Amino acid sequence: MPRIEPPVTPLAEPYWDATRRRELVAQRCDACDRFVWYPREVCPGCLSAELDWAPLAGTGTIYTFNVMRKPGNPMMGDDVPYVVALVDLDEGIRMTTNVVGADGSLRCDQRVRVDWSVELSDGRRLPVFRVTDD
Amino acid sequence: MITETAAVLCSVVARWRRPPQEDLETLVPHPLRAAAAIVGAVDAVSPDGRLGRSDAQLEVEMIRGALDDAGLTIADVDCLMTTNGMMGSLELGERLGVRGRFTDSTMTGGSSFEVHVEHAAAAIAAGLCEVAVIVYAATPRGGKNPFAGGGPGIGGQDSALFQWDLPYGLGLPAASYSLAAQRHMHDFGTTSEQLAQIAVSFREWAVKNPNAYHQDPITIDDVLASPMVAEPLHKLDCCLVTDGAGALVVTSAERARDLARPPVYVLGAGTAHTHGMSISQMGDVTTTAAAVSGPQAMAMAGIGHGDVDVVELYDSFTITALMTLEDLGFCAKGEGGDFVSDGRLGPGGVLPTNTNGGGLSYTHPGMYGMFILVEAVRQLRGEGGDRQVPGAEVAIANGCGGVLSCTSTIVLGTEATR
């Protein structure tokens, strides 16, 4: 599945490095102890710049999703239909992702777990999600 | 001079802040209320969606048209506002020979022109300028479509959108709005039929508009039978892609009284935003910033929902219109589906909405907010032709830009409402 491949900014390098090891990480604010998604310079809760990288469990719930019948960009033209979702991770952050392996019964609030099957050309991986039974 | 201007500004700000909100509504009119008026309004669209002129040509044409409409000349203009280009208002001033003493190139996507009206009214009320021209032109059909192709998008490759959303194939505008629609359906039981009714009602208005892109009536079944773009949104839940242009002239209430057309007063204004281009950062995707900008604008205007004769709102997608009606308070959050179901928004309905046909059926060059304002002015001047809402005195114009990111609400009224 060809993807738009985002640049590795210095800020997000630890994130991408972790994906090569199939590990999901995000920034956590030392000052107010909240996780932050997406990677940024300061905590959007308290403006502290004291952000460390911390592991995520890789589990969450589907906040909302769609089924893309027209591709979001020309590179994904052969991949329709595919599912774009906003997933609420158990650490309290919401990320844009795909739900893979879904059938027609997908619904909001279903539990999902990270899936590392999508690899970019340079070995980085895009975390996507798959519905779990729990 | 500087001291004098600063003193005026300070006194305006001081008056603005002094009374608590309850007093503002009941005792002391807000200093912005009816301080300025829209005195010129034109737009250009084409039933085949193409205008056959460049953006630059259209800008000049629209500015000339709006000034003619107002009975003013370019020599009267001391402020330009535009979204187009880098340092857009400066470049436009250079081309037109206008030296501004206030300027605004604010870009908030589709709500930019409502924001411009708010800023123009504030600047005029504070004595910072007297005649502001707001202009927009875009030719995605005849020229280059800035929204096509799924490129790096706004902000380039370092943007959050490019890094964290586009790799997942979220590039199409409908993709983000479908996420909002899905959650609205989940939380409130909103149905595809109810969303379709919005497209049907706006099309009923377009049937009465000889300039609309679509002039054939449609049914709910037609909407549901149109191809899925991003489930749960069908093609006919999505706005058009057409060429379009427009311009507005805003001046002081005092000067407006002597001009060619009946003034359309800016009675209230409010702007709010929740996030940028990443809908993952919006929070509750079923509530737009209109829940903030709407009440602020209506309080400033001193009006209630029963005073509103016509609503012009952003219908990039049917779900945008539905959530906006809820957020503006015309019905409770979650009740939008029922609210729109009986044709309330269409011709003959109790809340005439998007009387030109909207972005779904009239025109949508990428930023529909200009046409919201032009149609509101036409309705309040009684120039609506077959689609005129009889006796319209108060209109709400609500822009929504980005991906449900930034709303700006303008309350407009006739002389009778001053």
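Lys333(B) counts as partly exposed, at 31% relative accessibility. Its partner in a salt bridge is Asp327(B), and the closest N and O atoms of the two are 2.7 Å apart. Asp327(B) counts as buried, because its relative accessibility of 6% falls under the 20% cut-off for that class. The structure described here is a predicted model.

Over all chains, the model holds 25 salt bridges. One of them lies in chain A, where the side chains of Arg20(A) and Asp17(A) meet with 3.8 Å from N to O. These two residues are 3 residues apart in helix 1 of chain A, so about one helical turn separates them. Another salt bridge brings together the side chains of Arg21(A) and Glu23(A), at 3.3 Å from N to O. Glu23(A) is partly exposed as well, with 37% relative accessibility. In chain B, salt bridges also build a network, whose members are Asp69(B), Arg261(B), Arg381(B) and Glu383(B).

Aromatic rings come next. A pair of such rings is described by how far apart the centres are and by the angle between the planes. The model has 11 aromatic pairs over all chains. One of these is the stacked pair of Trp16(A) and Trp164(B), with 5.5 Å from centre to centre and 10° between the planes. Trp16(A) belongs to helix 1 (residues 13-20) of chain A and Trp164(B) to helix 6 (residues 160-165) of chain B, so this pair joins two chains. Both tryptophans are buried, Trp16(A) with a relative accessible area of 1% and Trp164(B) at 5% relative accessibility.

A second pair, Tyr314(B) with Tyr368(B), is edge-to-face, with centres 5.8 Å apart and an angle of 75° between the planes. Tyr314(B) sits in the loop between strand 9 (310-313) and helix 12 (318-327), while Tyr368(B) sits in the loop between helix 14 (358-361) and helix 15 (369-381), so the pair ties together parts of chain B that are 54 residues apart in sequence. Tyr314(B) is buried at 3% relative accessibility, and Tyr368(B) is buried at 0%. Both tyrosines belong to one aromatic cluster, which also includes Phe113(B), Tyr136(B), Tyr362(B) and Phe371(B).

Rings in chain A also meet charges. The charged end of Arg40(A) sits over the ring of Tyr38(A), 4.0 Å from the ring centre. In a further case, Arg94(A) lies over the face of Tyr63(A), at 3.4 Å from the ring centre.

Most residues other than glycine have a negative phi, and most peptide bonds are trans. A cis peptide bond, however, joins Trp37(A) and Tyr38(A), with omega at about 5°. Tyr38(A) is found in the loop between strand 2 (35-36) and strand 3 (51-55) of chain A. A cis peptide bond also joins Val80(A) and Pro81(A), where omega is about -5°. Pro81(A) is in the loop between strand 5 (67-68) and strand 6 of chain A.

Positive phi values occur too. Leu47(A), which is not a glycine, has a positive phi of about 65°. Leu47(A) lies in the loop between strand 2 and strand 3 of chain A, and at 64% relative accessibility it counts as exposed. Asp33(A) likewise has a positive phi, near 55°. Asp33(A) is placed in the loop between strand 1 (25-29) and strand 2 of chain A, and is exposed with a relative accessible area of 57%.

Another loop of chain A, between strand 6 (83-89) and strand 7 (94-99), holds Asp90(A). Asp90(A) is partly exposed, with a relative accessible area of 43%. Beyond its neighbours within four places in sequence, Asp90(A) is in contact with Thr59(A), Gly60(A) and Arg111(A). Asp90(A) and Asp78(A) are 12 residues apart along the chain, and their C-alpha atoms are separated by 32 Å.

Met86(B), Met87(B) and Leu90(B) make a nonpolar surface patch of about 370 Å². Met86(B) lies in the loop between strand 2 (79-82) and helix 4 (88-96) of chain B. With a relative accessible area of 70%, Met86(B) is exposed.

Conventions: Residues are numbered from 1 along each chain as its sequence is written. Chains are lettered from A and ligands numbered from 1 in the order in which they are written. This is a predicted model: local features need pLDDT of at least 70, side-chain atom pairs count only at pLDDT 80 or more; totals for chains, interfaces and linings use all residues. Side-chain values use heavy atoms; hydrogens and water are left out. Patches are made of residues with over 30% relative accessible area and no salt bridge: like charges are joined within 9 Å, nonpolar side chains (Val, Leu, Ile, Met, Phe, Trp, Tyr) within 5 Å. Accessible areas come from the Shrake-Rupley method with a 1.4 Å probe; for residues, only the protein chains shown count as cover. A salt bridge is a side-chain nitrogen of Lys or Arg within 4 Å of a carboxyl oxygen of Asp or Glu. Helices (H or I, at least four residues) and strands (E, at least two) are DSSP runs, numbered from the N terminus. Buried means under 20% relative accessible area, exposed over 50%, partly exposed in between (1.4 Å probe, protein chains only). Rings of Phe, Tyr and Trp (its six-membered ring) pair if their centres lie within 6.5 Å; planes under 30 degrees apart count as stacked, over 60 as edge-to-face and the rest as tilted. A charge sits over a ring if NZ of Lys or CZ of Arg is within 6 Å of the ring centre and within 35 degrees of the ring normal. Contact means heavy atoms within 4.5 Å.
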